[in-house]
Amino acid sequence: MEGASISANPRTVDEVFKDFKGRRSGMLKALITDVEDFYRQCDPEKENLCLYGFPDEAWEVNLPAEEVPPELPEPALGINFARDGMQRKDWLALVAVHSDAWLLAVAFYYGARFDKNERKRLFNMINELPTVFDVVTGKKPVKEKLAVNNISGTKAKPAAKQQVTQAKPAKPAPLPQKDEEDALDDEDEEEHGDTFCGSCGGPYTADEFWIGCDICEKWYHGKCVKITPARAEHIKQYKCPSCTNKRART
């Protein structure tokens, strides 16, 4: 396969990135501009086929390289076999995902001898481009909230966060008495969060009077069983209407 080999390997970050962009453009042509021709060439009756993109923005569907190991990492093998077993858009999306993986593999094959900063710079340059999958499926890339410098990879802190930090008081003020009472009510509601009135089925709230049956241990709104707080003070053992009726029937 003539297109798969190149005479001069890219050696710098910029050269590898240029190689990446050329191969990426070729694959996008196959999957978008020349999609009818690409679809026709991926005949499931043929042997294992691969989609290749070249630095000159050309593309080719061909058999994998025969040399072992190959000169470059190989694309996904047998993309033609799944063509008729999937919906067309899903099959193209699958080929696009494998194309992205291959493009990264080739780029970092060339960048294997780069140092840490060079690899980071290469990845940041590649990451600024939409993936083949993004373009083929129409997915919009997510915008970063923090600004990223392509060369150094440093992140800029948002100004709003700095202002909030400066405005934060050094020592929290004590809660007023009313807030303390509200906090106690919140704790009470959390403790009885799964409690419901045995009469109306309403959930427990701390701002209403409740009374619990000493027999069945169910809780009731005082208003539902017609018991006031003043009357409850004189009741030693409270029986709810249900338990009282059961006792009467017995």
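The structure is a predicted model, in which local features need pLDDT of at least 70 and side-chain atom pairs count only at pLDDT 80 or more, while totals for chains, interfaces and linings use all residues. Residues are numbered from 1 along each chain as its sequence is written, and side-chain values use heavy atoms, with hydrogens and water left out.

The protein has nine helices and four strands, taken as DSSP runs numbered from the N terminus (helices H or I, at least four residues; strands E, at least two). From the N terminus on, the order of these elements is α-α-β-β-α-α-α-α-α-β-β-α-α. Of the contacts (heavy atoms within 4.5 Å) with a separation of 6 or more, 56% are between residues 24 or more positions apart. The accessible surface comes to about 17400 Å², and carbon and sulfur atoms account for 51% of that surface; the areas come from the Shrake-Rupley method with a 1.4 Å probe, and for residues only the protein chains shown count as cover.

The N-terminal end of α4 is capped by Asp-115, a side-chain oxygen of which lies 3.2 Å from the backbone nitrogen of Asn-117. Glu-118, also in α4, is partly exposed, with a relative accessible area of 33%. The C-alpha atom of Glu-118 is 6.6 Å from that of Val-13, although the two residues are 105 residues apart along the chain.

Arg-24 is located in helix α1. Arg-24 is buried but has no salt bridge, and Asp-100, the nearest side chain of opposite charge, is 6.1 Å away. A salt bridge here requires a side-chain nitrogen of Lys or Arg within 4 Å of a carboxyl oxygen of Asp or Glu; for charge, Lys and Arg count as positive and Asp and Glu as negative, while His and the chain ends are not counted. Apart from neighbours within four places in sequence, Arg-24 is in contact with Leu-103, Leu-129, Pro-130, Val-132 and Val-135.

Most residues other than glycine have a negative phi. Glu-57, which is not a glycine, has a positive phi of about 70°. Glu-57 is in the loop between β1 (50-53) and β2 (59-62) and, at 36% relative accessibility, counts as partly exposed. Lys-226 likewise has a positive phi, near 60°. Lys-226 is in the loop between β4 (219-221) and α8 (229-232), and its relative accessibility of 68% places it in the exposed class.

Conventions: A polar contact is a pair of N or O atoms within 3.5 Å; within protein, one must be able to donate a hydrogen and the other to accept it, and residues adjacent in sequence count only if both atoms are side-chain atoms. Buried means under 20% relative accessible area, exposed over 50%, partly exposed in between (1.4 Å probe, protein chains only).
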